[in-house]
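Thanks, everyone. Let me bring up the model and walk through a few places in it.

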Amino acid sequence: MTETGIHRHKEQPRSDDVQHDIQKRLNRVIGQLNGVKAMIEGNRYCGDVLTQLAAAEKAVRGVSGVVLREHLRTCVANGIRRGDDAVIDEVMELIGRFS
């Protein structure tokens with residue numbers, strides 16, 4: 001959901017390869033977070049938990065990178081071709097969230 005509360009959909013569907021890559025990465029993140037949850041429940045050493053959390057954060061950043069790259073190649077490129085300069089401001093804001 002966007003900040004305005006409106007759900008938007010991509011004009012151009014993600015390719016099967018991109019969709020598969022994102023799903024694979026998300027499944028890995030979910031597995032890592034379930035592992036961290038089990039570590040907390042098992043009262044594991046804090047340093048080990050933090051190491052696993054760092055790995056999960058890196059994996060989430062990887063998913064974000066794939067989605068951002070796809071956004072630039074499709075949504076942003078199509079917006080620019082249509083003369084929609086607002087898409088540039090949007091992508092700059094998105095990039096700012098990840099830096």
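**Core, a histidine and a surface patch**

Start with H71, which sits in helix α2, residues 46-81. Keep in mind that this is a predicted model.

Is H71 buried or exposed? Its relative accessibility is 16%, so H71 counts as buried; the cut-off for buried is under 20%. What does H71 touch, leaving aside neighbours within four places in sequence? The contacts are V76, E90, V91 and L94.

Now the inside. The largest nonpolar core has 6 residues. They are V18, I22, V29, A59, V63 and V66. Two elements give two or more residues to this core: α1, spanning 16-41, and α2.

Take I22 from that core. Again, skip residues up to four places away in sequence. I22 then touches R14, V63, V66 and V67. Two of those names, V63 and V66, are on the core list as well.

Which residues make the nonpolar surface patch? I80, I88, M92 and I95 do, and the patch covers about 340 Å². Helix α3, residues 86-97, supplies the largest share, with 3 residues.

Pick out I88, which is found in helix α3. I88 has 37% relative accessibility, so I88 counts as partly exposed.

How values were computed. Residues are numbered from 1 along each chain as its sequence is written. This is a predicted model: local features need pLDDT of at least 70, side-chain atom pairs count only at pLDDT 80 or more; totals for chains, interfaces and linings use all residues. Side-chain values use heavy atoms; hydrogens and water are left out. Patches are made of residues with over 30% relative accessible area and no salt bridge: like charges are joined within 9 Å, nonpolar side chains (Val, Leu, Ile, Met, Phe, Trp, Tyr) within 5 Å. Accessible areas come from the Shrake-Rupley method with a 1.4 Å probe; for residues, only the protein chains shown count as cover. A salt bridge is a side-chain nitrogen of Lys or Arg within 4 Å of a carboxyl oxygen of Asp or Glu. Helices (H or I, at least four residues) and strands (E, at least two) are DSSP runs, numbered from the N terminus. Buried means under 20% relative accessible area, exposed over 50%, partly exposed in between (1.4 Å probe, protein chains only). Contact means heavy atoms within 4.5 Å. A nonpolar core is a set of buried Ala, Val, Leu, Ile, Met, Phe, Trp, Tyr and Cys residues joined through side-chain atoms within 4.5 Å.
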